[in-house]
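Subject: Structure handover

Hi,

Here is the structure we talked about. Please load it first, then read my notes below.

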Amino acid sequence: MAAGATHSIGIDIGGTFTDIVLLGPSGPIRTHKISSTADDFSRGIVTGVRELLDAAGLVPGAVAELVHATTVATNAILEQKGAPTALITTAGFRDVLEMRRLRIPVLYDLQYDKPAPLVPRRLRFEVRERMGPRGEIRIPLDEASVEAAAKQLQAAGVEAVAICLLHSYANPTHERRVADIVRRLVGDDLYITCSADILPEIREYERTSTAVVNSYVGPVVRRYLRSLANRLAQANLDAPIRIMQSNGGVMTAGSAGDKPACIVESGPAAGVIACARLARHLGHGNIISFDMGGTTAKAAIIENGEPAKTTEYEVGAGINLSSKLVKGGGYAIKLPFIDVSEIGAGGGSIVAVDSAGALKVGPRSAGAMPGPVCYDIGGTEPTFTDAMVALGYVNPDYLVGGTVRLNADKARRVLADRIARPLNLSLLDAAHGIYTIAAATMTRAVKAVSTYRGRDPRDFALVAFGGNGPVAGVEVARALKMKRVLVPPAPGVFSAVGLLFSDIEHEFLRTFFRRTDELRAQDVAAAFQQLEVEARRTLRREGHATEQIELRWLADLRYSGQAYELTVAMPRNGLDFDEMHRAFHGEHERTYGHRSDGDPVDLVNVKVLARVVRLAAQPYEGLAAEPAGPQQDEIRPRDAYFGAEHGTIATPLLRRRDLAAAPIQGPAIVEEYDATCVIPPGCLASLDRLGNINIELD
Amino acid sequence: MERAVDPITFEVIKNGLSSVADEMALIIMRSAYSPVVRDSMDYSTALCDRHGQIIAQGLTLAVQLGAFPDGMHYIMRDEAANARPGDIFIFNDPYGSGGQHLPDIYVIKPIFHEGRIEGYACTMAHHSDVGGIAPGSTAIHATDIHQEGLCIPLLKLYDAGQPNRSLFRIIEKNTRQPIQVLGDLKAQLAACATGERGYLDLLRRHGAEAMRPYLEELQDQAERMMRDFIRQIPDGAYEFVDYIDGVGDDPQTLRIQVKVTVAGDEIAIDLAGTSRQVAAAINCPIAMIHSAAYCAIRCITSPAIPNCEGYIRPIRVIAPEGTIVNPLPPAACAARGVMGYRVFDAIMGALAQVVPNRVIAAGEGGPTLFSIGGTQNGRQFVLTEVMVGTWGARAGKDGVEGISNPAANLSNQPVELIEAELPLEVVGYGLVADSGGAGKFRGGLAFHREFRVLCDDATCTTRADRRDHRPYGLAGGEPGGGSQNIINPGAQQTGLPTMPMRAIPLRHGDVFRHISAGGGGYGDPLERPPEAVLEDVRDEKVSLAAARERYGVVIDPKRLTVDREATAQRRQTMRKAAKPAPAQALQAAK
């Protein structure tokens, strides 16, 4: 790192906008929003970073690191533009990938089609070998069958291969040997993923699918990261690039190229990390994050400053409720993800009256093109944003600081024609109904991460961000009887801010899958210690000093016979099974409402979470700075409609800095560069010492 | 809308109800102990209103949506008036309590609000063992229900909040798997508590009185949508006969005869002509027949119809007593599922005559049951597999392979978990080439699944079907491949009946292989685009020989390209040789 390299840059790519934020050792965070360059995202990034540095009067050498959230892996899957990929499996199991877990996400739909497998049957090859569940070799690897497969996949011209053999989590030697032979015969250009390297965990479909996703996106992600590094280098930006993972930690660009399956939910994770950091600064660690953008709303839960995680994720499944009950619509990746539940309700969500006469918001979206009707660029179907304009919540003259002007009349007309008239409601009641229904829909996303896990949302504060989060946040909180909503500074680019506060994080795992009464505590402790060695080695290789590394022990436990594990944290000094059991019984009761202290318990996995905390001393207060809002003398109250109970009220328009520690009474609307915050009647709003708008509900 | 119902509140309440039912389903899925619940998802959750009518259902088994009304009927008739807060009902009795078969245990909790019942939280789960003559309690060779295990009539598992300890002890002592069964009951109880909490939240928020018209409107809306749909179907009576291969070593074919009568906005499904009940455990008590019929009609309408009971009002099911679709006690019924799935198939076959674009050719025929049990290290083990896998083709689309039956939504159990927990090796699991019915649109491929025994002694039972009466194709499509049960495949193999009337002893090293039936095709195979056939050949889903013999497509085996000229000739020859196509097959392929 060059001397004087003092600043960090966060880069968050979305479908429409790329958000770039800059943080120095002191002073405010600077933000920059530019249009994404979809043909080659790296081009827009480099331009945007240079503009931001110029505006700040900084030279490229002032940048110490770039932290990046990217959609390149996700898009490769969604658009089916990954590398041509082959799969090598144990003889008899060629179709595991295509059979999946059979279940589908819809009922009563005879026209349903499954997602096509990422590796077609003709590119799935079997080799003769067999491991047992304890890692014992039942049939030695038949190397001739491997060579035959290697020749076939070479002839097919694939760019990548995934290798997933049965029980490789217990003994990876066959997979490694297959990889060696294939590499020798096909060459170093072939992208290879061994399933035990990416996910050494029991359950063949999930492991196969994860390895396949990794290989499928691997070459694409590597090419992208190389191109980004080259472009940055040409602009004299040679600071290290770190990539946000789906688990909320960051990894080096090199690691991301090896394990791209870890970065598919990069962007949503960043927003949650920003909230987690906010929680720690506030000194109360229980927060539900609520990120509402243009097409979806996302929620996650943070307890004691730690975001809850899940390993049940499907990419490309369309939008569903944290994909827990409803499965099979996408491609499974069983890696640690921040448990973000997503639902198809955003600013661009289309509002319609369905065949049953019911009012629906989303999941179809008008997106950025043609966009809401009020954008006046071709949209013809009413959207959530159109309703917000009709209600008087969103200022038609001041979107993105006034750079986009909205046609409010058009919005009102389409809402009257398509919604109010068919439902026999007034225009304002119809628009307010849209607000209510969107909030009701979005509460499901919040419930999926709270009540569905046995957590009561009333014990949490809601942090609302994203372009539309501050508009709808209070209504969502109200529907769940939550008492407090926080709107952080720069809510529209808050996810990018999260990049600056992320830690380096890696998880190391070993499957036991045994009843605890068949195990010895010292063997389990030895496994933890071995994972620690591996963790330290990996992080040192990434350039971190041993003393920076924080380690945590986690155990995945379940009652014998259950299919789903609960993760409990373990003290690192000595391993006591009784204590582990107690923690598990307690967590089980909390999550599911029942416990069975006498029943046998399985230890499924032990995990070591290794973390390097960065920027621990970074002042969060810096966020409070904001670009200038509308001039004071231009602002007069605007009529806004708050439902039949309150009617239309001439509502004061404020800037964030007009708020103070002493609360004001709602209604009020806070207009900012990139978001609008609605404070309905009956709420109290103040500004806390960190610059957050703090809204107390009645 | 006639009553004072605000469309916004209506949508909010509807959303709230389905979210509660889903949350109940999630609790069972994640905390249940037995594989058949947790992986196969053979369970169901629902909320009922104060009249005992379903108002929301968790997204689990399609065919189970109709499973609660029969049970709720008895609760409403016999218990509701005297129920007290803290009561929880339990039953599995198919004759007089609304149960389906003994492994399916219902746990239902009335939800009290201000001293009155305002609704019910309902759960049903297939338990891994409730005793009886064979591990898994689904043996087909039982000849009356008393051989099938513990029968629980409608009783209170909790009485005013107090657990019925006698009943818990009786259940514990009558199963081979007490930990699993009691664990799964706990999961059901927890789901009921969650359902109760969620429903009470809604009642408090909207007010019990104020919410009632919305609940009524929900039922009426579903009914209206269903009637609107039925009105679009031309009036008439549409008949179809499908078959069950029959039981034992010398099977007698069983008939499922259905007449679907559409009159205005109502549908009657009459099963008169169906075979009499038999002395084997495949008789299907009426609750599941209701379910299967509702599910079939539901599948040809819009998935947007709310998941509540109103939609079944325009549907009437007539099943003569004493038949395999409405047996009288003490008919055995543990392996009755096949009948429900076949009724579904038969209704599809009938409707194909009038709404051919909305139906599906026959799939694998419903799950194949396979239970294996034995002793390992002094502990008893049982594995129950509910194997599903393929759809028939649709008008305009191929069938789907590697998928649950449309009337179910089951999952498979991971091979690695089975091997890690039990003395079994899964030798193979995958698709079977050439098993999909040929057609312009190809039926889904069958699957095979194969187990090797790694302990000294074990016994297994199985119930398959559709070996002799293969899944029918539609509009000229061919039937799918037939099923097979094989012991020790190879030169010395033994074929088993589809429904063996005995437990089969297995020794260390023995292998059981099941090959499912394949999906039926749709439309004339000679009209399938040669490129589509070539793609299937390249994926080894269709062999070169089958491409030529069944599709008339000649493919160069080296270059894997279509020989257009040879194909045109071959297809012409085949067309000439073919008999003129019948107007519409009224019977399933034999």
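Predicted model: local features only at pLDDT ≥ 70, side-chain atom pairs only at ≥ 80, totals over all residues.

I looked at domain 1 against domain 3 in chain A. Domain 1 of chain A brings 21 residues to the contact, and domain 3 of chain A brings 18.

The area buried between domain 1 and domain 3 of chain A is about 1500 Å². Carbon and sulfur atoms give 72% of that area. On the domain 1 side, Met244(A), Ser246(A) and Asn247(A) supply 35% of the area buried against domain 3 of chain A, more than any other three residues.

Now the polar side. There are zero salt bridges between domain 1 and domain 3 of chain A. Three residue pairs are in polar contact there, both residues at pLDDT 80 or more.

E1(A) gives the most, with five residues. By type, that side of domain 1 of chain A has eight nonpolar, 10 polar and three charged residues.

Chain B is divided into domain 1 (7–222), domain 2 (360–525) and domain 3 (530–577). In chain B, the C-alpha centres of domain 1 and domain 3 lie 53 Å apart.

Best wishes

Terms used: Residues numbered from 1 in each chain as written. Chains lettered and ligands numbered in written order. Heavy atoms only, no water. Domains from an automatic or database assignment. Contact = heavy atoms within 4.5 Å. Buried area = accessible area lost by both parts, 1.4 Å probe. Salt bridge = Lys/Arg side-chain N within 4 Å of Asp/Glu carboxyl O. Polar contact = N/O pair within 3.5 Å; in protein donor to acceptor, adjacent residues only side chain to side chain. Helix = DSSP H or I, 4+ residues; strand = E, 2+ residues; numbered from the N terminus. Nonpolar A, V, L, I, M, F, W, Y, C, P; charged D, E, K, R; others polar.
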